[in-house]
Amino acid sequence: MSLPPPSAIPPPPNAEPALRFDDVWIGFEEGPILRGVTFSARPEETLILLGETGTGKTLALKLAAGLLIPDRGRIQALGHDVSHKSEHELLEFRRQVGFVFQEGALFDSLTVAENVAYRLKEDGATDDEVAPKVQEVLRFVELEHTMEMLPSELSGGMRRRVSIARALITRPPIVLYDSPTAGLDPITSQTIITLILRLRDVYGVTALMATHRLQDGFALANFHFDPKTRTVRKGASGDNSKQPITRFLVLRDGRIYFEGSPEEMLRTTDPYLQRFLI
Amino acid sequence: MPDAPSQVTQPHSSVRETPSVIQILTEAFQQFVLDVQNYARMSALSLANLLTKPRYTQDTLDQMDDIGVGSLPIVLLSGFFIGAVMVLQTGQQFQRFGQVSLTGDIVSLALVRELGPTITGLLVAGRCSSGIASELGSMLVTEQVDAMRAMGTDPSRKLISPRVLASIITVPLLTTISVFVGLLGGMVASVFSLRLSPTTFWQRAIGILEFSDLMQGFTKSLLFAFILSTVGCYKGLNVRGGTQGVGRATTQSVVVSSVMIIIADTFLTKLALFLADKL
C-alpha cells in the first residue's frame with residue numbers, strides 16, 4: 001500500500017484555524033438547539049465533541065460541512081465562509097470535506113466499491129483511474145474482500161469502515177465523524193477508533209468527532225499509530241513536535257460547556273463533567 | 001426542495017399554549033402556500049437542470065427502464081380491456097340506432113383524447129409516483145441524500161431531473177402503446193360482440209382522428225408525466241417522521257398526483273376544445 005508520508009512540519013500554534021465556529025446559532029420548530037457556539041480547530045488537530053443525545057453534536061458537524069446554514073453566526077472552514085455561501089458554491093466546498101455519518105449512510109443500491117468510488121466517478125474519473133484508488137482505501141480499512149457486496153450484506157461495523165473509506169478516497173484535509181462508534185460492540189468500536197487514529201497519523205487530517213463515549217476521545221488522545229511499524233502505540237509519538245493535539249469540547253444546552261485538554265477533562269471537579277468520566 | 005427543515009431565528013417559549021382554531025387554520029394555509037412554493041421551485045429546477053451539466057444519462061436510462069419498461073405490462077393489460085369494455089358499452093347503444101359502425105369512431109376518439117393519457121397517467125402514478133416517493137423518502141431518512149450533498153452532488157440533478165426526464169419520455173410512449181392496444185381490444189370485442197368487420201372498425205377508428213386529437217392526447221400525457229414524477233420527488237424529499245413518514249409520503253404521492261392529473265385533465269380538455277374551435 002502506497003501511503004503518503006505523514007506531514008513533515010507540524011502546524012504552528014498560531015496557524016489559521018482549519019475550522020472556526022463564531023457565535024453560531026441554529027434552531028428548528030421546537031426552538032434553538034445551538035445557542036452561540038464558538039470554537040476553532042487548528043490544522044491536524046482532533047476535536048472531540050462530547051454531549052448528551054439531542055445537544056446538537058450532529059448539527060454542529062452538519063453546519064461545519066455546510067449541510068445546514070446557521071440562523072446566526074459565522075462558520076469558516078479551510079478559508080471558506082461556509083455560513084454565507086450558496087448551495088452551488090457549497091457543493092464545491094464539500095468536496096474538500098470528508099463526512100462519516102452515524103449509520104454510514106451508504107447508498108444501498110450500490111456495491112461497496114461503487115459507494116467508495118462515488119465521488120471520483122462524479123468527478124468524471126474513468127474505471128481504470130478509480131479501481132486502484134478504491135482498492136487502496138478499502139485495503140486501508142481492511143475490507144478489500146467486500147468490494148462486490150451490497151451494504152445490506154455488511155455488519156454495522158463494516159458499514160462504518162466503508163463509510164470511512166468513502167470519506168477518505170479524495171484525501172480531504174478535514175474529516176467529520178458523527179458518532180462513529182455508536183451502537184457498536186467494544187471490539188468493533190476499537191477497530192473504528194484505530195482506523196481514525198491511522199487516518200489522523202498517516203494522512204494528517206483535521207478531525208471533528210461527535211461522540212457520547214469519552215473513552216473514544218481518550219483513545220485518540222493517548223495512542224498514536226506508528227506508520228513505520230504499522231502498529232498502534234500508547235503515548236506520544238517519538239517526535240513530540242509531531243504529536244497531534246486532541247481537545248475536548250462538551251456541549252450542554254446548546255452551548256460549549258467545557259473546552260480543554262484530556263488532562264483538564266480528567267482533573268475536572270465539575271459534577272456534570274464527572275458524569276462523563278464514570 | 002428545502003435544504004433543511006424550516007429554521008427559526010428567535011428562541012421559542014418553552015411553554016406552548018394551546019393554539020386556537022384560527023391559528024391552526026392559518027398555519028395549515030401557510031404550510032399549503034409554502035408547499036406550493038417549494039413544489040413549484042423544485043419542478044422548475046428539475047427542468048432547468050436539464051439545460052446545464054452535469055447530466056446523469058445513465059440514471060435517466062435506468063429510470064426509463066423502471067418507469068417505462070416496468071409499467072408496460074399493466075399498461076398493456078389495462079389498455080386492451082378498457083378498449084374492449086368501451087366497445088361493449090357503446091356498441092349496445094349504437095345497435096339501437098343501427099349505427100354499429102360508429103363504434104370505432106367513438107372508441108378511437110375517447111382513447112386518444114381522454115382515456116389513453118388519463119388511465120396511463122393514473123396507472124403510472126400509482127406504480128411509479130409511489131415508488132419514487134418511497135425510494136427518495138427512504139434515502140432521506142437514512143441520510144443518503146445528506147451523504148450525497150456531503151460529497152458535492154446536487155440531489156436535484158442526481159435524483160429529481162433523471163426521474164422527471166425519464167417520465168416525460170416514457171409516459172407519452174406508454175400512452176401511445178395503451179391507445180394502440182385499446183383499439184386492438186376494441187376491435188376484438190367489436191368482431192365477437194357486434195359482428196363488425198375488423199377492417200370497418202379500424203378504418204373508422206383511424207379515419208375519425210385529426211391532428212388536434214393526437215396533439216391533445218400527447219400534450220396531456222406529457223403534463224401527466226411531469227405531474228406524477230415531480231409529486232413523487234417532492235413528497236419523497238420532504239418526508240418527516242422516519243419510516244412512518246415514508247409510508248405517509250408514498251400514499252400522499254399517489255393521492256396528490258392522481259387528483260392533480262384529473263384536475264389538469266379537465267383544464268387541458270377545455271383548453272384543447274377552445275383551441276380546436278379557434279384554429
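Me: Two strands pair if DSSP finds at least two bridges between them; with that in mind, which strands make up the open sheet of chain A, and in what order?

Reply: The open sheet has 6 strands in the order β6-β7-β8-β3-β11-β12 (chain A), and its pairing is mixed. The strands (E, at least two residues) and the helices (H or I, at least four) are DSSP runs numbered from the N terminus. The model is a predicted one, in which local features need pLDDT of at least 70 and side-chain atom pairs count only at pLDDT 80 or more, while totals for chains, interfaces and linings use all residues. Residues are numbered from 1 along each chain as its sequence is written, with chains lettered from A and ligands numbered from 1 in the order in which they are written.

Me: What makes β6 and β12 of chain A edge strands?

Reply: Each of β6 (97–100) and β12 (255–260) of chain A has a single partner strand, so one side of each is left without a neighbour in the sheet.

Me: What packs on the sheet, and which strands does it touch?

Reply: Helix α1 (residues 57–64) of chain A packs there, touching β3 (46–51), β7, β8 and β11 (246–252) of chain A, and its direction makes about 155° with that of β8(A). Helix α5 (residues 156–168) of chain A lies across β6 and β7 of chain A, at about 170° to β6(A). Contact here requires C-beta atoms, placed from the backbone, within 7 Å, and the angles run from 0 to 180 degrees between N-to-C directions, with axes fitted to C-alpha atoms, for helices over the stretch in contact.

Me: Why does Ala105(A) count as buried?

Reply: A residue is buried if 20 or more other C-beta atoms lie within 10 Å of its own, exposed if 12 or fewer, and partly exposed in between. Ala105(A) has 24 C-beta neighbours inside 10 Å and therefore counts as buried. This residue, in the loop between β6 and α3 (112–122) of chain A, has a positive phi of about 50° although it is not a glycine.

Me: What makes Glu142(A) partly exposed?

Reply: Glu142(A) has 14 C-beta neighbours inside 10 Å, which is why it counts as partly exposed. Glu142(A) lies in the loop between α4 (127–140) and α5 of chain A and has a positive phi of about 60°, although it is not a glycine.

Me: Why is β11(A) called mostly covered?

Reply: Of the 7 residues of β11(A), 6 are buried.

Me: What makes the peptide bond from Lys53(B) to Pro54(B) cis?

Reply: Its omega is near 0°, and Pro54(B) is found in the loop between α1 (21–48) and α2 (57–96) of chain B.

Me: How many residues of chain B are in contact with chain A?

Reply: 20 residues of chain B are in contact with 25 residues of chain A.

Notes: Contact = placed C-beta atoms within 7 Å. Pairing = 2+ DSSP bridges.
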